[in-house]
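Reader: I have not looked at this structure before, and I would like to learn how to read its features step by step. Could you show it to me and then take my questions in turn?

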Amino acid sequence: MKPKIIVTRDIPDEVESKLKEYFQVSFNREDKVFSNDILIKAMENADGIVCTVTDIFTDKLLSLPKKKVKIIANIGVGVDHIDLQSAKINNVIVTNTPDVLTEATVDVATLLLLSVTRNTFLLEKMLRRGEWKGFSLTENLGIDVRGKILGIVGMGRIGKAFAKRASEVFGMKVLYYNRSPVKDLKFEASVRFDLDALLEESDVISLHLSSDAGNKNFISKSRMKKIKHSSFLINTSRGDVIDQMALIDLLEKKKIAGAGLDVFLNEPNVPLKLRQLSNVTLYPHIGSATRETRTKMGLLAVENLIAFFNEKNVINQL
Ligand code: DGY
């Protein structure tokens, strides 16, 4: 008999068809986030689960005495919503979908970079309100990114790809924070071993940190004070790698020029204070949100399931 898979959210058609070929599948047509009670039932009834960032797998869920699930295939690269340590102890394999979403996420980091430095959110809002007074040589000016310093915090796949694009396409000078120099970079970039030094030097800081326990509040209130008043901050990783309240405070007091954020603490609840600021560009967690990329992510999750149930090497096992 085919293994039973429960899918927690709506998924692209192609991914659905592929799943049906290999598994007995239960879908969530309503696309409403499963409650903890439904997740408990899923853990006790399915052989595998396909999930995403909105599904929280706590130790309690992973260690249920009647648990049947043997694999959780996450659609997404970040797995901070799954207690990996507990999964390991309780023999639940966890997989993710790296690589296939890198360029789409870099696109969104690029949008944020240009939006904050050219102030496009505010300018478009002004135009839509009918308040544009006409072309001016000295108004509505942003800054060039060319020649400016981009500081990358988190030189993983996405951090590297954004650094490469910023260097090669936009002519930015790249700095990155790391414990040691990253080998074989195909573009010019300088390492900073001291995070404060990178924060002090950069004109734009871009966060690409994974949200494991060690990275929570990595950009803390005191660290944020190192950022120049003229600099911008971009975050396409996870909301909790930065002290969000402290960031709002800096933005309100104009102690930082602006921020471009695609991720937040406690999504989808974005604080009113942040939504009311004019020096921010805010996106609803759309880093990987293209039809093509979401299909690739879903198909990769299915590949992982197929490999697991056929006792082959699971490509993206964490
Ligand atoms: C990712 O892949 O981590 C995206 O943020 C969605 O979870």
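Author: What follows is a conversation about the sheets, a helix, the ligand site and some backbone details. This is a predicted model, in which local features need pLDDT of at least 70 and side-chain atom pairs count only at pLDDT 80 or more, while totals for chains, interfaces and linings use all residues. Residues are numbered from 1 along each chain as its sequence is written, and side-chain values use heavy atoms, with hydrogens and water left out.

Reader: How should I read a sheet, and in what order do the strands E2, E1, E3, E4 and E5 stand?

Author: Strands of a sheet pair through backbone hydrogen bonds, either parallel or antiparallel. Here helices (H or I, at least four residues) and strands (E, at least two) are DSSP runs, numbered from the N terminus, and two strands pair if DSSP finds at least two bridges between them. In this structure 5 strands make an open sheet with parallel pairing, and their order is E2-E1-E3-E4-E5. Strand E2 (24-26) and strand E5 (93-95) are at the edges with a single partner strand each, so one side of each has no neighbour in the sheet. Between neighbouring strands of this sheet the turn is 20° on average, direction ignored. Angles run from 0 to 180 degrees between N-to-C directions, and axes are lines fitted to C-alpha atoms, for helices over the stretch in contact.

Reader: What joins strand E1 to strand E3, and which helix packs on the sheet?

Author: Strand E1 (residues 4-7) and strand E3 (residues 48-51) run parallel and are joined by 3 bridges, with Ile6 standing opposite Ile49 in E3. Helix H12 (residues 291-309) packs on this sheet, where it touches E1, E3, strand E4 (71-74) and E5, and its direction makes about 160° with that of E4. Contact means heavy atoms within 4.5 Å.

Reader: In which order do the strands of the sheet with 7 strands stand?

Author: The 7 strands form an open sheet in the order E8-E7-E6-E9-E10-E11-E12, and the pairing is parallel. Strand E8 (189-192) and strand E12 (280-282) are the edge strands, each pairing on one side only, and the twist averages 20° from one strand to the next. Within this sheet, 4 bridges link strand E9 (residues 204-207) to strand E10 (residues 232-235), which run parallel, and Ile205 stands opposite Leu233 in E10. H5 packs on the sheet and touches E9, E10, strand E11 (258-261) and E12, with a direction at about 155° to that of E10. Helix H10 (residues 244-252) lies across E10, E11 and E12 and runs at about 140° to E11.

Reader: How many residues of helix H5 are buried?

Author: An α-helix has 3.6 residues a turn, so residues three or four places apart point the same way. H5 is mostly covered, with 12 of its 17 residues buried, among them Val108, Leu112 and Val116.

Reader: Which residues are around the ligand?

Author: A residue is near a molecule if one of its heavy atoms lies within 4 Å of it, and the residues around the ligand are Val53, Gly76, Val77, Gly78, Leu101, Arg238 and His285. A polar contact is a pair of N or O atoms within 3.5 Å. An oxygen atom of the ligand is 2.6 Å from a polar backbone atom of Val77, an oxygen atom is 2.8 Å from a side-chain N or O atom of Arg238, and an oxygen atom is 2.6 Å from a side-chain N or O atom of His285.

Reader: What is the phi of His285, and where is this residue placed?

Author: Most residues other than glycine have a negative phi, and most peptide bonds are trans. His285 has a positive phi near 50°, lies in the loop between E12 and H12, and is partly exposed, with a relative accessible area of 24%. A cis peptide bond joins Glu267 and Pro268, with omega about 5°.

Key. Buried means under 20% relative accessible area, exposed over 50%, partly exposed in between (1.4 Å probe, protein chains only). A polar contact is a pair of N or O atoms within 3.5 Å; within protein, one must be able to donate a hydrogen and the other to accept it, and residues adjacent in sequence count only if both atoms are side-chain atoms.
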